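Subject: Handover of a structure model

Dear colleague,

Please find the structure below, together with its sequence.

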Amino acid sequence: MNFEPFKITPVGFVRKEPETHIEILPEFWEATEGLREGDWVKLVLWFHGSDTPARRRILKVHPYGNPKNPLTGVFATRSPYRPNPIALYTVRIHRIEEGRLYIDEIDALDGTPVVDIKIFVERYDCPKEVPIEEREAEIPKGRMIGEVNIIPRKAEHLDELEEVSPEEYDALILEIGPKTTTLTAKELVELIDALNEVYESLPVEIRDKLRTRGARSP
């Protein structure tokens, strides 16, 4: 079993003192823009302590290190011993300071390289049956507004929908932080009406400023 060199550049390191945090290297700090305290993120770590030829050749282990458990392929376990010692964690950001993301406690060792950070999205990271399949989502037309992500459904095969009512037709995917739901066409119209009511209830001075800035047509 030969392992060809494959370059991975750490973007930071796990630090355990004074409390668990990710130390982001200065050249990558700009990439954290948009992360907020309270966000859930996926950490991709490189278990450098398991990065040896011998450990990378281990393909079966006793889960949890307990010999009473039957030998199991590493792809069916969370063992640090694997052909590529990559580890995944889902953690919450508790505090953000210059160069540091303070997170939940994890069992990675101090100094463990962090190779990537991705925002947690329920639709991708906790997949379940949803009315709108990924291939039906108009991803390029998705809009991010604060922590809300709106992804419309592709307007294809409408000739097949003549018998489908607005109450039955799922019109868009709505992501709020890590949570994902869908709205029917009827619910979408109700949401638009509700948002219009909220807008109209804003102080006149605020609405005038929004119009001046072009945030909303008069």
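The protein chain has four helices and 12 strands; these are DSSP runs numbered from the N terminus, with H or I over at least four residues for helices and E over at least two for strands. Its radius of gyration, taken over C-alpha atoms, is 23 Å, well over the 17 Å that the globule rule (2.2 Å times the number of residues to the power 0.38) gives for 218 residues, so the chain is more spread out than a compact globule. Along the principal axes, the C-alpha atoms fill a box of roughly 65 × 45 × 35 Å.

Please note that this is a predicted model, in which local features need pLDDT of at least 70 and side-chain atom pairs count only at pLDDT 80 or more, while totals for chains, interfaces and linings use all residues. Residues are numbered from 1 along each chain as its sequence is written, and side-chain values use heavy atoms, with hydrogens and water left out.

Of the 218 residues, 30% are buried. Buried here means under 20% relative accessible area, exposed means over 50%, and partly exposed lies in between, with a 1.4 Å probe and protein chains only. Among contacts (heavy atoms within 4.5 Å) between residues at least 6 apart in sequence, 57% join residues at least 24 apart.

The nonpolar core

The largest nonpolar core has 18 residues, of which I22, L43, L45, Y89 and I106 touch the most other members. Such a core is a set of buried Ala, Val, Leu, Ile, Met, Phe, Trp, Tyr and Cys residues joined through side-chain atoms within 4.5 Å. At least two of its residues come from each of β2 (21-24), β3 (40-46), β6 (86-97) and β7 (100-103), and β6 gives the most, with four.

Beyond residues up to four places away in sequence, L45 touches V14, P85, I86, A87, Y89, I106, A108, T112, P113, V114 and V115. One of these partners, T112, is placed in the loop between β7 and β8 (113-119). T112 is buried, with a relative accessible area of 2%. Neighbours within four places aside, T112 is in contact with G12, F13, V14, L45, W46, F47 and H48. A polar atom of the T112 side chain also lies 2.7 Å from the backbone oxygen of L109.

The four-stranded sheet

An open sheet has the strand order β9-β10-β11-β12, with antiparallel pairing; two strands pair if DSSP finds at least two bridges between them. Its edge strands, β9 (143-145) and β12 (179-184), each pair on one side only. Neighbouring strands are turned by 25° against each other on average, direction ignored.

Five bridges join β10 (residues 148-152) to β11, with P152 standing opposite L172. Six of the seven residues of β11 are buried.

Helix α3 (residues 185-200) lies across β11 and β12 and runs at about 100° to β12. For this angle, axes are lines fitted to C-alpha atoms, for helices over the stretch in contact, and angles run from 0 to 180 degrees between N-to-C directions.

Yours sincerely

Conventions:
A polar contact is a pair of N or O atoms within 3.5 Å; within protein, one must be able to donate a hydrogen and the other to accept it, and residues adjacent in sequence count only if both atoms are side-chain atoms.
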